[in-house]
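Biologist: Could you take me through the packing in the interior of this one, starting from a single side chain and working outwards? I'd like one connected account, please.

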Amino acid sequence: MRAFTASPRRVIVEADDPALVVGHHSFRPAELPDVLTPAQAAALLQVDEEAVLALAEEGQLPGRRIGEDWRFARSALVAWLSGADDAA
């Protein structure tokens with residue numbers, strides 16, 4: 001019985017286009033802005049957007065209504081989540 005051993009594979013690509021460039025790239029996640037929409041706040045808190053809006057309407061979540069829209073400061077949400085406001 002022959003044991004299976006993985007060996008490195010080599011892939012050769014022959015392109016007709018001499019402009020083809022092979023290289024590498026690194027990806028970084030986009031930074032969250034300082035002011036968040038309800039959808040971004042929900043993603044930060046890992047809850048539904050409806051929960052964010054309900055808590056904001058009740059005055060339990062720090063945010064500001066601008067016209068018909070809600071906006072949230074990322075730093076205020078993190079402080080709220082950590083309970084920093086409860087200690088005061």
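Modeller: Let's start at Leu-77, which is in contact with Leu-36, Ala-41, Leu-44, Leu-61, Pro-62 and Phe-72, leaving aside its neighbours within four places in sequence. Contact here means heavy atoms within 4.5 Å. Please keep in mind that this is a predicted model, in which local features need pLDDT of at least 70 and side-chain atom pairs count only at pLDDT 80 or more, while totals for chains, interfaces and linings use all residues. Residues are numbered from 1 along each chain as its sequence is written, and side-chain values use heavy atoms, with hydrogens and water left out.

Leu-77 belongs to the largest nonpolar core, a group of 10 residues that also holds Leu-36, Ala-41, Ala-42, Leu-45, Val-52, Ala-56, Leu-61, Trp-70 and Phe-72. A nonpolar core is a set of buried Ala, Val, Leu, Ile, Met, Phe, Trp, Tyr and Cys residues joined through side-chain atoms within 4.5 Å. Buried means under 20% relative accessible area, exposed over 50% and partly exposed in between, with a 1.4 Å probe and protein chains only. Two or more core residues come from each of α1 (38-45), α2 (49-57) and β3, and α1 gives the most, with three. Helices are DSSP runs of H or I with at least four residues, strands are runs of E with at least two, and both are numbered from the N terminus.

With a relative accessibility of 1%, Val-52 counts as buried. Not counting residues up to four places away in sequence, Val-52 touches Pro-38, Ala-41, Ala-42, Leu-45, Val-47, Leu-61 and Phe-72. For a contrast, look at Gln-46 in the loop between α1 and α2: at 72% relative accessibility it counts as exposed. Gln-46 also has a positive phi of about 60°, although it is not a glycine.

Now for the rings. Rings of Phe, Tyr and Trp (its six-membered ring) pair if their centres lie within 6.5 Å; planes under 30 degrees apart count as stacked, over 60 as edge-to-face and the rest as tilted. That rule gives one aromatic pair. Trp-70 and Phe-72 form a stacked pair, because their ring centres are 6.0 Å apart and their planes meet at 15°. Both Trp-70 and Phe-72 are buried.

Phe-72 also leads us to the sheet, as the bridge partner in β3 of Leu-36. Helix α3 (residues 74-82) packs on the sheet, touching β1 and β3, and its direction makes about 70° with that of β3. Such axes are lines fitted to C-alpha atoms, for helices over the stretch in contact, and the angles run from 0 to 180 degrees between N-to-C directions. The sheet is open, with three strands in the order β1-β3-β2 and antiparallel pairing. β1 (35-36) and β2 (64-66) are at the edges with a single partner strand each, so one side of each has no neighbour in the sheet. Strands pair if DSSP finds at least two bridges between them, and two bridges join β1 to β3 (residues 69-73).
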